[in-house]
Amino acid sequence: MKVVICGEFPEKAEENIFHSFPLSWEVHIVPPSGLASELSNADILIPEHVEINADLLSKAPKLKLVQTGAGYDNVDLKACTEFGVQACNAAGVNAYAVAEHVMALILSWYKNIPYLDHFLKDRGEADQLDYTGAELYGKTIGIIGLGHVGRIVAEYCNAFHMTVLGYSHKLIEMCSVEQVDLDTLFRDSDIISLHVPLTDSTRHLINAETFSKMKPDALLINTSRGGTVDEAALITALENKDISGACLDVFETDSPLRDLKNVLLTPHTAGLPDGIKYHKKRYAFFVRNIEKVMRHETPECCLNTV
């Protein structure tokens, strides 16, 4: 059986990935430029930010499974179905890791951790210390998307005695979350955290109009997908102080956000707690799902019906 993993990985991550699979499996890690040459006899494809479409699938006649991480906006599910290829994601596998990252960003922002660390290391004088912060106690967080990650973030925020508002396309039974409409969430939240997939309905869900509804001291957190936020509108809102700041792990472009002072940025590592571009639980899930497919069993987290 041949497993092809497509993406750019540092050497240490490749080593960890290879060790995650049984020795008897033929595992290839290739960059996007080398994918075409590996498709003709591939049984399993694990794509990292590579478009899976009909043209690609037509070159992979033996392919049985396209396995992604939590996100799957790069996969044409209709094309997978037409070619008889099962598509699965790994919903919830990195939920705790991402939720913990959200809390780390929130605490870093309100406790000024990056600034205070830099101040001390730069040998700053006590009379030069100048910052404002806040307690999380009593603050209101609005969570958009109450899936695996959103619900865990809600639980963590409850532990900090915060008021938790939530928005979901369906009713979620959580007594600690008050489900509200988006306008109410934007109006009443001190912190807004995004936990939705990137779809046609969520692209630019956060835009100039929604920024106008937020509090001027609101903080935006995005660990979902960069395209859920209109980045040009976000930059304008940050520059004009329409909101106080943003903490971002995902981005729409390689943009001027790096040059703004009222942002905290991390390089899409929220779901990778075990090292650069590696998450042990994710690859353990991949192995289990591949084994199910090879035994002609129904895998977990199916995205289409074959």
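Is Thr210 buried or exposed? Thr210 is buried, because its relative accessible area is 7%, and buried means under 20%. This residue belongs to helix 8, which covers residues 208–213. Leaving aside neighbours within four places in sequence, Thr210 contacts Phe186 and Leu205. The structure is a predicted model.

**Two packed helices**

Two packed helices are described by the angle between their axes and the distance between the axes. Here the pair is helix 4 (residues 95–110) and helix 6 (residues 148–159). Their packing angle is about 45 degrees. Their axes are 9 Å apart. The two helices are therefore oblique to each other. The crossing of helix 4 past helix 6 is right-handed.

Which residues of helix 4 meet helix 6? They are Ala95, Tyr96, Val98, Ala99, Glu100, Val102 and Met103. On the helix 6 side stand His148, Val149, Ile152, Val153, Tyr156 and Cys157. By class, this contact of helix 4 with helix 6 has eleven nonpolar residues, one polar and one charged.

**The nonpolar cores**

In soluble globular proteins, nonpolar side chains tend to be buried together. The largest nonpolar core in this model has 29 residues. Within that core, Ile106, Ile141, Val153 and Ile221 touch the most other members. Four elements that each supply at least two residues are helix 4, strand 6 (140–144), helix 6 and strand 10 (219–222). Helix 4 gives the most, with nine residues.

What does Ile221 touch? Not counting residues up to four places away in sequence, Ile221 touches Val102, Leu105, Ile106, Ile191, Ile192, Ser193, Leu194 and Cys247. A second, separate core has 27 residues. Ile144, Val180, Met214 and Ala246 are included in this second core.

The table gathers relative accessible areas.

| Residue | Relative accessible area | Class |
|---|---|---|
| Thr210 | 7% | buried |
| Arg282 | 14% | buried |
| Pro32 | 42% | partly exposed |
| His161 | 56% | exposed |
| His296 | 74% | exposed |

Arg282 sits in helix 10, residues 280–294. Why does Arg282 count as buried? Its relative accessible area is 14%, and the limit for buried is under 20%. With neighbours within four places in sequence set aside, Arg282 is in contact with Glu48, Gly69, Val93, Asn94 and Leu272.

Pro32 is found in the loop between strand 2 (26–30) and strand 3 (44–47). Pro32 counts as partly exposed at 42% relative accessibility. Its contacts, leaving aside neighbours within four places in sequence, are Cys6, Gly7, Glu8 and Val50. Along the chain, Pro32 and Thr199 are 167 residues apart. Their C-alpha atoms are separated by 23 Å.

**Two histidines with positive phi**

Most residues other than glycine have a negative phi. His161 has a positive phi near 60 degrees. Where is His161 placed? This residue is in the loop between helix 6 and strand 7 (163–167). His161 is exposed, with 56% relative accessibility.

His296 also has a positive phi, of about 65 degrees, although it is not a glycine. This histidine lies in the segment after helix 10. His296 is exposed, at a relative accessible area of 74%.

Terms used: Residues numbered from 1 in each chain as written. Predicted model: local features only at pLDDT ≥ 70, side-chain atom pairs only at ≥ 80, totals over all residues. Heavy atoms only, no water. Axes fitted to C-alpha atoms, helices over the stretch in contact; angles between N-to-C directions. Parallel < 35°, antiparallel > 145°, perpendicular 65-115°, else oblique. Left-handed = near helix turned anticlockwise from the far one by under 90°. Contact = heavy atoms within 4.5 Å. Nonpolar A, V, L, I, M, F, W, Y, C, P; charged D, E, K, R; others polar. Core = buried A, V, L, I, M, F, W, Y, C linked by side-chain atoms within 4.5 Å. Buried < 20%, exposed > 50% of the residue type's maximum accessible area, 1.4 Å probe, protein only.
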